[in-house]
Amino acid sequence: MASTETAQDAPEALVLPTMTAVSQGPDGSPLSDGTANIILMPMAGEGGEEQLVALAFTSVSTLVGAMGEGQPWVIIPTEQVREALSGSGATAVLIDPKLADGMEGQSTNG
């Protein structure tokens with residue numbers, strides 16, 4: 001899975017938008033079985049083929065600025081993101097994406 005940042009530039013944790021609200025601990029990490037339905041977006045990959053990417057943000061305020069206050073989210077330590085997304089179909093992580101005007105609060109199946 002590719003990332004838009006190198007390991008040395010990566011923050012300690014990433015904020016990932018979810019399809020529905022998830023019970024969280026005080027640090028924003030998911031509780032219970034640790035399952036969260038992360039939002040995946042289709043994007044054109046190399047060669048024009050469609051691929052699924054996970055959206056991730058470096059802070060809650062950056063996520064809110066891009067997706068709105070009503071967007072549910074979880075915080076996952078950066079080194080655990082790859083494992084958390086295994087089996088999801090995501091081939092990359094897009095960090096701090098700028099969404100098109102009018103896309104705030106909209107999600108897609110992931």
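Predicted model: local features only at pLDDT ≥ 70, side-chain atom pairs only at ≥ 80, totals over all residues.
Biologist: Let's start with helix H1. Which of its residues are buried?

Modeller: H1 covers residues 60–67, and its buried residues are Leu63, Ala66 and Met67.

Biologist: And where do they sit when you look down the axis of H1?

Modeller: They fall within an arc of 75°, so the buried residues line one face of the helix.

Biologist: What about the other side of H1?

Modeller: Ser61 and Gly65 are there, and both are exposed.

Biologist: What covers the buried residues of H1?

Modeller: The cover includes strands S2, S4 and S5.

Biologist: What comes just after H1?

Modeller: Gly68 does, and its phi is positive, at about 100°.

Biologist: Switching to S2 now. How many of its residues are buried?

Modeller: 4 of the 5 are buried, so S2 is largely enclosed by the rest of the structure.

Biologist: How many bridges join S2 to S5, and do the strands run parallel or antiparallel?

Modeller: There are 5 bridges, and the two strands run antiparallel. As an example, Val15 has Ile75 in S5 as its bridge partner.

Biologist: Okay, loops next. Where is Thr18?

Modeller: Thr18 is in the loop between S2 and S3. Ile38 is found in that loop too, with S2 spanning 13–17 and S3 spanning 40–44.

Biologist: Is Thr18 buried or exposed?

Modeller: Buried: its relative accessibility is 1%, and the cut-off for buried is under 20%. Ile38, at 10% relative accessibility, counts as buried as well.

Biologist: What does Thr18 touch?

Modeller: Leaving out residues up to four places away in sequence, its contacts include Ile38, Trp73 and Val74. Ile38 and Val74 are 36 residues apart along the chain, and their C-alpha atoms are separated by 8.7 Å.

Biologist: Last topic, the largest nonpolar core. Which residues touch the most other members?

Modeller: Of its 14 residues, those are Leu16, Ala54, Val81, Leu85 and Val93.

Biologist: Which elements give two or more residues to this core?

Modeller: They are S2, strand S4 (50–56), strand S5 (73–77), helix H2 (81–85) and strand S6 (90–95). S6 gives the largest share, 3 residues.

Biologist: What lies apart from that core?

Modeller: Another core, of 10 residues, with Val15, Val53, Ala66 and Met67 among them. You've met some of these names already: Ala66 and Met67 are buried residues of H1, and Val15 is the bridge partner of Ile75.

Key: Residues numbered from 1 in each chain as written. Heavy atoms only, no water. Buried < 20%, exposed > 50% of the residue type's maximum accessible area, 1.4 Å probe, protein only. Core = buried A, V, L, I, M, F, W, Y, C linked by side-chain atoms within 4.5 Å. Arc of directions from axis to C-beta. Contact = heavy atoms within 4.5 Å. Pairing = 2+ DSSP bridges.
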